[in-house]
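Here is a quick tour of one protein model for someone who likes cut-offs spelled out. Have the coordinates open as you read.

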Amino acid sequence: MLVAEVAAASADVGATSSRLAKRARIAEVLAAADDTEIAVVVDWLSGELPQRQIGVGWAALRSLPAPADAATLQVADVDALFSTIRETTGKGSQGRRAELLTGLFGAATEVEQAFLRRLLGGELRQGALLGVMSDAIAAAYEVPATAVRRAAMLGGALPAVATAASTGGVAALEEFHLQVGRPVGPMLAQTASDVGEALERLGGTAVFEAKLDGARVQVHRDGDTVRVYTRSLDDVTARLPEVVEATLALPVTTFVADGEAIALRPDGRPHKFQVTASRFGRSVDIDTARGAQQLSVFYFDVLHRDGVDLLDAPGEQRAAALAEIVPGRFRVDRLVTSDPAAAQEFLDRTLTAGHEGVMAKSMAAPYEAGRRGAGWLKVKPVHTLDLVVLAVEWGSGRRHGKLSNIHLGARNSDGGFVMLGKTFKGMTDAMLDWQTEHFLSLATGPTDGYVVEVQPVQVVEIAFDGLQTSTRYPGGMALRFARVLRYRDDKRAEDADTIDTVREFYERA
């Protein structure tokens with residue numbers, strides 16, 4: 001299959017808001033793909049690379065060669081090239097990667113260049129979400145959508161499920177089951193504004209658990225073999241020996257559990273998230289890193305125990321099974337209550353201990369792997385800053401032709417601004433229309449490039465979950481999960497928050 005066919009489908013999917021139209025267009029291109037290409041096409045149209053990260057960011061994609069006149073690139077060849085780029089390391093690797101990228105983009109047509117650029121830059125957001133993709137796979141290969149979703153839930157990866165549906169139909173999909181050693185999509189949470197709302201939505205009584213600011217892990221044990229996976233189902237076993245050791249110490253033979261790996265200070269408070277995250281890097285020397293900072297693991301759910309699957313068991317039963325296996329010091333703090341005051345006290349205590357917030361969970365809900373189930377709700381405080389827009393990026397897909405991703409800065413003591421990150425989240429269609437017109441009128445240079453520099457005068461109120469250490473931005477900090485709340489036309493740039501205020505928050509957190 002030509003990359004051009006996938007690129008055209010991506011553009012069509014991004015250009016429509018109709019779920020049915022997205023499904024039909026994706027199904028069309030999947031049905032035309034060879035069995036060996038299906039997994040790659042599913043990943044690409046989901047905005048992902050099969051290789052996850054290959055070490056190529058926007059900086060490497062700013063200057064592209066002239067596009068080719070005719071489409072010749074094949075999906076399999078480009079996928080193999082991405083693997084080669086990922087494996088290119090060591091002395092001279094930057095230059096070699098640049099050569100490979102130049103060759104790739106020189107052979108790509110204009111449409112292909114646009115698609116590949118957004119794919120590699122992590123900006124290919126076109127509405128091909130899990131539900132749409134599952135339905136498209138079902139339509140492409142004429143299998144029930146429920147069978148696709150169940151297989152995806154237990155198999156953990158839609159590309160593999162799509163390939164199975166193509167080659168073996170329903171019978172192949174039924175072969176997907178919870179298997180120790182093969183990760184499944186983690187259950188995700190919806191959001192509640194406070195503990196009172198959480199209790200109301202969960203029927204009046206709920207389990208409240210501390211929401212740790214660590215890295216979620218899924219742990220599989222089969223005898224003396226332990227595998228550890230991230231939320232995105234990457235195998236990180238070799239990077240987390242402490243998790244392996246803790247799991248081998250448990251009185252169980254086969255075991256699948258959900259947990260959190262986290263770096264703690266001597267007083268038990270969490271280090272900043274980057275300390276934990278640094279242990280997940282591919283190039284980390286684990287012995288050195290472990291000597292400098294040990295990780296702890298806290299389990300909060302169990303999916304399988306000694307030959308018995310617990311996915312469909314109610315939360316209360318899974319909690320009891322976990323308590324029988326895992327000592328209390330290796331489980332997250334929890335409280336079962338129907339009292340909003342007690343729940344609020346638990347939340348306050350958790351926040352005081354330096355953690356993110358709490359999870360409120362139904363005692364009756366099953367483990368809905370791979371889904372954002374109504375039985376789990378996250379409750380955590382929302383932090384806000386008034387920042388200044390420094391530049392805006394042209395959007396892609398459904399946002400093509402609109403100024404979308406905004407660059408955010410805090411005031412500096414010298415009268416300038418310090419960039420803290422970017423976001424396109426929280427923007428309504430009306431807001432996109434307004435900011436496109438508004439920021440074009442504030443442009444300080446060319447507007448036909450990818451980034452439009454603007455006068456630093458527009459204040460925007462940004463919600464964010466926290467701050468993390470960053471080498472990308474000059475202030476050494478970056479916003480986590482930033483999203484737009486509203487534009488503040490009632491404030492001037494000199495009224496925006498300062499970098500000192502941001503730094504104080506960072507140090508306090």
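## Aromatic pairs and charges over rings

Searching the whole structure turns up nine aromatic pairs. Rings of Phe, Tyr and Trp (its six-membered ring) count as a pair if their centres lie within 6.5 Å; planes under 30 degrees apart are called stacked, over 60 edge-to-face, and the rest tilted. One aromatic cluster is made of Trp44, Phe82 and Phe115.

Before going further, some ground rules: this is a predicted model, where local features need pLDDT of at least 70, side-chain atom pairs count only at pLDDT 80 or more, and totals for chains, interfaces and linings use all residues. Residues are numbered from 1 along each chain as its sequence is written, and side-chain values use heavy atoms, with hydrogens and water left out.

Lysine 272 lies over the face of tyrosine 506, at 4.5 Å from the ring centre. Lysine 361 does likewise over tryptophan 376, at 3.9 Å from the ring centre.

## Two nonpolar cores

A nonpolar core here is a set of buried Ala, Val, Leu, Ile, Met, Phe, Trp, Tyr and Cys residues joined through side-chain atoms within 4.5 Å. Buried means under 20% relative accessible area, exposed over 50%, and partly exposed in between, using a 1.4 Å probe and protein chains only. The largest core has 57 residues, and the members touching the most others are Trp44, Phe82, Leu116 and Leu173.

What does phenylalanine 82 contact, once neighbours within four places in sequence are set aside? With contact taken as heavy atoms within 4.5 Å, the list is Trp44, Leu49, Gln51, Ile54, Leu104, Leu116, Leu119 and Leu120. There is also a second, separate core of 31 residues, including Ile462, Ala482, Tyr487 and Tyr506.

Now for the strands. Helices (H or I, at least four residues) and strands (E, at least two) are DSSP runs numbered from the N terminus, and two strands pair if DSSP finds at least two bridges between them.

Strand 2 (residues 206–211) pairs with strand 8 in the antiparallel sense over four bridges. In that pairing, glutamate 209 has arginine 334 of strand 8 as its bridge partner.

## An antiparallel sheet with helices on it

Another open sheet has five strands in the order 4-3-5-6-7, and here the pairing is antiparallel. Strand 4 (225–230) and strand 7 (308–309) are the edge strands, each pairing on one side only. Strand 6 (residues 295–305) and strand 7 run antiparallel and are joined by two bridges, with arginine 305 opposite valine 308 in strand 7.

Helix 11 (residues 241–248) packs on this sheet, touching strand 3 (215–222), strand 4, strand 5 (254–263) and strand 6, and its direction makes about 50 degrees with that of strand 6. Helix 14 (residues 315–325) lies across strand 5 and strand 6, at about 125 degrees to strand 6.

## Strand 11 and its partners

Nine of the 12 residues of strand 11 (residues 383–394) are buried, so this strand is largely enclosed by the rest of the structure. It runs antiparallel to strand 15 (residues 459–464), with six bridges between them; in strand 15, glutamate 461 is the bridge partner of aspartate 386. Six bridges also join strand 11 to strand 12 (residues 403–411), again antiparallel, and tryptophan 394 is bridged to leucine 403 there.

## Loop residues

Is tyrosine 367 buried or exposed? Tyrosine 367 is buried, at a relative accessible area of 3%, although its place is in the loop between strand 9 (357–361) and strand 10 (372–379). Not counting residues up to four places away in sequence, tyrosine 367 touches several residues, among them Asp258, Asp301, Arg318 and Trp376.

Glutamate 142 has a phi near 55 degrees, a positive value in a residue other than glycine. It lies in the loop between helix 7 (130–141) and helix 8 (145–155) and is exposed, with a relative accessible area of 76%.

Conventions: Lys NZ or Arg CZ within 6 Å of the ring centre and 35° of its normal. Axes fitted to C-alpha atoms, helices over the stretch in contact; angles between N-to-C directions.
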